[in-house]
Amino acid sequence: MKIKDKVVSWYVRNILLSKLEIINCPGYVLEQFGELKLGVTFRELLLSENLFSNLEQEIIIKYKKTGKQTIYTIGKKFGYVNSSLSTFSRIESTNKKKFLNFVYFLVRYVEGTYASKIVHKLDYENKIFQLTMDNYIICRKNGLGYILTSGGTAGIWAYMACDLTVEGVQTKCQGRGDKKCELICAPAKILKEKKIKFLKETDLEKLEIDAEYMEINKIRPTQFARYSLKDLIDSGFFEYSKGVIHYKDERHFLCEASLMYILEKELKKLKGGGKVLFDVSFDYGKSLAEKSKQEINNPSSSSGSAESFITNYMSALGWGDILVMKKSGKYTVVSNYFPWTKWAKNIKFIMFRGIISGLLSGFLNEKITLKKFQTDFSGGFLTVIADE
């Protein structure tokens, strides 16, 4: 099995990922999954590991147990939504052999993008799913991992096991000093029998790709963005190795765009939660800009100004076709073809506004805050306009 794991892991990292990911269109990052078939396409964002690590920390510091529950809820809801979008195999509608094969390849896929190594155990009859992981995203830095480790995996397994009572608990974590990260996902009654304390979230809903989703998010020619994620990887702007993408010392990870929506929808239920999200996003953008000033001062660089850097960087990460402009001393940022979900009218695009506010502030050495926003659907796609 170890030899097979190595062969399949090599295939996933070097062949399969290149077929599943569409990264050669400015303004867009897309993925084709659908049970590892090229049949379902959805919008993705390339997100910062540090942003999410800091966000989890800040939410728990400020809100204690309530904060833990909230970010676990975000993760589980996202995992469930992402599984439904990706049409993952389900235990009640797939024969055992096919289901086990899909789980195996899914683990290899996650290993190829989120970790260095993952070993899994599956008790099919009792719906117990266990993972041992090395260098897993986010939790390796903060020792928490409620969004994409325990919560996210619990949501995936709840969907695949057809059991909303499935919960996830990270019993060991490298970010807490353990040799490896260990995670168990199982129905609540089994976790109780094992005397494992767990958080609970059963209010889950599917999100499916329909004709509206496909039409609004379809690839369109960009007017402002000239470079795709592939262009910036090929140019050396981003470092790409074995499924992992870095810019400077910032690790980025691909994630379906509904995470951004679910994050804001749930955090706004906490008093001041939206401000925490904005501030953490702002700090990330500002720090990144301060590290990147040499990029805009380099005559040979394609990012010759703060505005062009933001257009190139944010568009390549999948945030749409970005235009940054200054009118009467105030900044306005426009994103055409912004990643759309059915929740577009329920959020204030806090993460997006926070990141760009931080980028502008870091580059220009002055506090710039995009406080206002409006949306426009008149073109048949989502446009987000953010203003000071």
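**Helix 3 and helix 5**

I began with helix 3 (residues 96-114) and helix 5 (residues 146-160), which pack at an angle of about 155 degrees with their axes 13 Å apart. Helix 3 is therefore roughly antiparallel to helix 5, a label for angles over 145 degrees. For my own reference, axes are lines fitted to C-alpha atoms, for helices over the stretch in contact, and angles run from 0 to 180 degrees between N-to-C directions. Helices are DSSP runs of H or I with at least four residues, strands are E runs of at least two, and both are numbered from the N terminus.

A note on the source: this is a predicted model, in which local features need pLDDT of at least 70 and side-chain atom pairs count only at pLDDT 80 or more, while totals for chains, interfaces and linings use all residues. Residues are numbered from 1 along each chain as its sequence is written, and side-chain values use heavy atoms, with hydrogens and water left out.

Next I looked up who meets whom, taking contact as heavy atoms within 4.5 Å. From helix 3 I found Phe99, Phe102, Val103, Leu106 and Tyr114, and they meet Leu148, Ile156, Trp157 and Met160 of helix 5. By class, this contact has nine nonpolar residues, no polar and no charged ones. Here Ala, Val, Leu, Ile, Met, Phe, Trp, Tyr, Cys and Pro count as nonpolar, Asp, Glu, Lys and Arg as charged, and the others, Gly among them, as polar.

**Helix 2 and helix 10**

Helix 2 (residues 49-85) packs with helix 10 (residues 273-291) at about 145 degrees, and their axes are 10 Å apart. Helix 2 brings Leu51, Asn54, Leu55, Glu58, Ile59, Lys62 and Tyr63 to the contact, and helix 10 brings Gly273, Val276, Leu277, Val280, Ser281 and Tyr284. I noted eight nonpolar, three polar and two charged residues in the contact of helix 2 with helix 10.

I then checked Glu250, in strand 10 (residues 250-256). Glu250 is buried, at 2% relative accessible area; buried means under 20% and exposed over 50%, with partly exposed in between (1.4 Å probe, protein chains only). The Glu250 side chain makes a polar contact with the side chain of Ser48 at 3.1 Å and another with that of Asn50, also at 3.1 Å. A polar contact is a pair of N or O atoms within 3.5 Å; within protein, one must be able to donate a hydrogen and the other to accept it, and residues adjacent in sequence count only if both atoms are side-chain atoms.

Ser292 sits in the loop between helix 10 and helix 11 (293-297) and is buried at 0%. Its side chain reaches the backbone oxygen of Leu288 at 2.6 Å.

Asp387 belongs to strand 14 (residues 383-387) and is buried at 17%. The side chain of Asp387 makes a polar contact with the side chain of Thr332 at 2.6 Å.

**Two positive phi values**

Most residues other than glycine have a negative phi, so I looked for exceptions. Lys195 has phi near 60 degrees, and Phe349 has a positive phi of about 55 degrees.

Are these two buried or exposed? Lys195, in the loop between helix 6 (188-193) and helix 7 (211-217), is exposed at 75%. Phe349, in the loop between strand 12 (330-336) and helix 13 (350-364), is buried at 0%.

Definitions and conventions: Angles under 35 degrees count as roughly parallel, over 145 as roughly antiparallel, 65 to 115 as roughly perpendicular and the rest as oblique.
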